[in-house]
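Let's explore a protein model together, one question at a time. Have a look at the sequence and the structure first, then follow along.

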Amino acid sequence: MKKIIFFSIILFGIGCDKQEKKEHLEYSYAIVSQKNHALVSKNDHQIREVKKAVIVPKLDGNMDDPIWKEVLWYGLDQKWLGLPYEFNDFFGRYKVVWTPEALYLLVEIKDNLLYDQHKDPLKLWWDDDCVEIFIDADNSGGNHQYSNNAFAYHVALDGNVVDLDENKTPVLYNHHVNTRRVTKDDVSIWEFEITVYDNTYQEGKVNDPMILTKDQKLGFAVAYNDNDGSKERENFIGSVFIPGEEKNLGWINADVFGTIVLVE
């Protein structure tokens with residue numbers, strides 16, 4: 001009996017040792033990947049379930065729609081660019097729901113100064129205060145800087161929506177994102193209706209939007225460009241942790257997006 005117990009302990013120790021080595025190798029690979037600014041598994045990055053809205057939220061810049069009372073707030077709390085900031089300078093959070101026709105996004109921003117220095121919506125749009133919404137329709141990740149593999153919608157204070165097209169040209173995508181903002185004192189409530197298009201989208205063509213369905217996965221992130229009166233934006237604050245020192249990657253690489261799963 002003692003020999004059996006002793007042998008079992010040895011086998012258990014060997015098994016634990018192998019498991020520890022396996023976990024160490026996986027951890028080491030993750031660290032190396034992070035240093036290379038890559039995520040080990042994009043599809044496993046910040047998975048969040050998004051509830052279906054039976055009654056479509058009204059785009060009025062208020063939070064009194066029934067569905068907004070049923071879902072959780074998530075933080076805009078990841079500094080992607082800029083120096084540390086104080087609560088009285090910036091605070092952000094968001095909620096998101098879906099219908100077959102669109103994603104609906106509610107964003108609350110506390111910002112002590114809203115700044116819009118460029119009246120031309122296609123000029124240096126990222127250096128004005130704006131909400132940025134990242135959508136990857138098939139959650140595939142990859143480069144989208146000058147393609148429609150994914151979209152990085154910059155939504156300005158006046159409601160104009162800008163991203164780069166395949167010709168490396170800034171284009172208005174106001175028909176992709178409808179928005180309403182209501183600001184009281186230093187708090188702004190933004191509501192967005194986002195029509196989702198996949199990688200077959202072509203500028204200047206007739207494109208069918210995606211019909212969203214239960215259990216569908218999309219790449220998703222949201223961020224805020226904050227400028228309190230400088231020539232360039234002072235902070236860029238996002239919803240997703242991005243490893244490594246270079247975090248301004250969302251407009252180029254959809255691998256850094258989170259993943260939302262549509263549920264009922």
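**Strands, rings and charges**

Thr-99 is found in strand S4, which covers residues 90-99. Helices (H or I, at least four residues) and strands (E, at least two) are DSSP runs, numbered from the N terminus. This is a predicted model, in which local features need pLDDT of at least 70 and side-chain atom pairs count only at pLDDT 80 or more, while totals for chains, interfaces and linings use all residues. Residues are numbered from 1 along each chain as its sequence is written, and side-chain values use heavy atoms, with hydrogens and water left out.

Q: Is Thr-99 buried or exposed?
A: Let's start with the cut-offs: buried means under 20% relative accessible area, exposed over 50%, and partly exposed in between (1.4 Å probe, protein chains only). Thr-99 has a relative accessibility of 2%, so this residue counts as buried.

Q: Which residues does Thr-99 touch, not counting residues up to four places away in sequence?
A: A contact means heavy atoms within 4.5 Å. With residues up to four places away in sequence left aside, the contacts of Thr-99 are Ala-53, Val-56, Tyr-104 and Leu-212.

Q: How many aromatic pairs does a search of the whole structure find?
A: Rings of Phe, Tyr and Trp (its six-membered ring) pair if their centres lie within 6.5 Å; planes under 30 degrees apart count as stacked, over 60 as edge-to-face and the rest as tilted. Searching the whole structure for such pairs gives 16.

Q: What kind of aromatic pair do Phe-151 and Tyr-153 form?
A: Both Phe-151 and Tyr-153 are buried. Their rings are 5.3 Å apart, centre to centre, with 5° between the planes, and the pair is stacked.

Q: What kind of pair do the rings of Tyr-173 and Tyr-201 make?
A: Tyr-173 sits in the loop between strand S9 (170-172) and strand S10 (177-184), and Tyr-201 in the loop between strand S11 (187-194) and strand S12 (217-226), 28 residues apart. Tyr-173 is buried at 1% relative accessibility, and Tyr-201 is buried at 6%. The ring centres of Tyr-173 and Tyr-201 are 6.3 Å apart with the planes at 55°, so the pair is tilted.

Q: Which residues do ring pairs link into a cluster?
A: Tyr-173 and Tyr-201 belong to this cluster.

Q: With which residue does Glu-108 form a salt bridge?
A: A salt bridge is a side-chain nitrogen of Lys or Arg within 4 Å of a carboxyl oxygen of Asp or Glu. Glu-108 is buried, with a relative accessible area of 13%. The closest N and O atoms in its salt bridge are 2.5 Å apart, and the partner is Arg-93.

Q: How many residues apart are Lys-52 and Glu-264?
A: Lys-52 forms a salt bridge with Glu-264, with the closest N and O atoms 3.9 Å apart. Lys-52 lies in the loop between strand S1 (47-51) and strand S2 (74-76), and Glu-264 in the segment after strand S14 (258-263), so this pair links distant parts of the chain, with a separation in residues of 212.
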